Amino acid sequence: MHPDDISSNRLLYRRLTLDDWPFFLALNQDRSVMKYISDPRSEDEIRKHAFDCRIAEWQKGCDHWLCLLMHEKASGLPVGATGFIDRGEGIAEVGFVLSAAFQGKGYGIESLQALIEFSFKQHDFRKLVATVTAGNEASKRTLIKAGFLQEGTLRRNYYLDGKWQDDWIFGLLREEYLAEHEK
């Protein structure tokens, strides 16, 4: 299955392209969206460190993120971005970010479930992990609802908003997922 073939009930997914720059920039400049992800960055910093590296061709083993843009099937509007990066040893780190207008509608869990299935069934990862800045209760709830377990806390691990923040670490094993979803 190609990344562009991923779909879910209300969303379509496709690789990020150059044409997505305006939406990606707006998403990354929205402080309500980026509160737990990144301090404010210039347009050039976002382009160089977050966008350009995510439009490169992806295959398992790459050292950059597979970034998928999510679109609402009904309206065609972009909802956010999701994806993963191969961390080696059969582990992938997943991430997702939703536009403020589409938060609280269940798109986070829907997209995460589609990404989990794609990661385990098409790429044979043995484990998925996610890192969430402490305090981001919405992302924590979404990961737990998708079957992830909180495996620990990395104390004062991430510098954000002028101070060192704790990171919550989550994990989901392929056998746990398959046992739950192949009943």
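**Close-up views of a predicted model**

**View 1. The buried side of helix α5.** In helix α5, which spans residues 137-145, the residues S139, T142 and L143 are buried. Because these residues cover an arc of only 95 degrees around the axis, they lie on the same side of α5. An α-helix has 3.6 residues a turn, so residues three or four places apart point the same way. The face of α5 that is turned away from this buried side carries R141 and K145, both of which are exposed. This model is predicted, and the views that follow should be read with that in mind.

**View 2. What covers helix α5, and what follows it.** The elements that cover the buried residues of α5 include β4 (91-98), α4 (107-123), β5 (127-133) and β7 (163-173). Just after α5, the residue G147 takes a positive phi of about 110 degrees.

View 3. Seven strands form an open sheet with mixed pairing, and their order is β1-β2-β3-β4-β5-β7-β6. At the edges stand β1 (11-15) and β6 (149-160), each of which has a single partner strand, so that one side of each is left without a neighbour in the sheet. From one strand to the next, the twist averages 30 degrees.

**View 4. The pairing of β1 with β2.** Strand β2, made of residues 66-72, pairs with β1 in the antiparallel sense over five bridges. Within this pair of strands, R14 stands opposite L69 in β2.

**View 5. Two helices on the sheet.** Helix α4 lies across β1, β2, β3 (78-88), β4, β5 and β7, and it runs at about 35 degrees to β3. Helix α5 also packs on the sheet, where it touches β4, β5, β6 and β7, and its direction makes about 10 degrees with that of β7.

**View 6. The largest nonpolar core.** The largest nonpolar core holds 33 residues, and of these F84, V94, I116, L128 and F148 touch the most other members. Two or more residues of this core come from each of β1, β2, β3, β4, α4, β5 and β7, with α4 giving the most, namely eight residues.

View 7. Leaving aside residues up to four places away in sequence, F148 touches V94, L112, I116, L128, V129, A130, L143, F170, G171 and L172. Among these contacts is L143, one of the buried residues of α5.

Notes:
Residues numbered from 1 in each chain as written. Predicted model: local features only at pLDDT ≥ 70, side-chain atom pairs only at ≥ 80, totals over all residues. Heavy atoms only, no water. Buried < 20%, exposed > 50% of the residue type's maximum accessible area, 1.4 Å probe, protein only. Helix = DSSP H or I, 4+ residues; strand = E, 2+ residues; numbered from the N terminus. Arc of directions from axis to C-beta. Contact = heavy atoms within 4.5 Å. Pairing = 2+ DSSP bridges. Axes fitted to C-alpha atoms, helices over the stretch in contact; angles between N-to-C directions. Core = buried A, V, L, I, M, F, W, Y, C linked by side-chain atoms within 4.5 Å.
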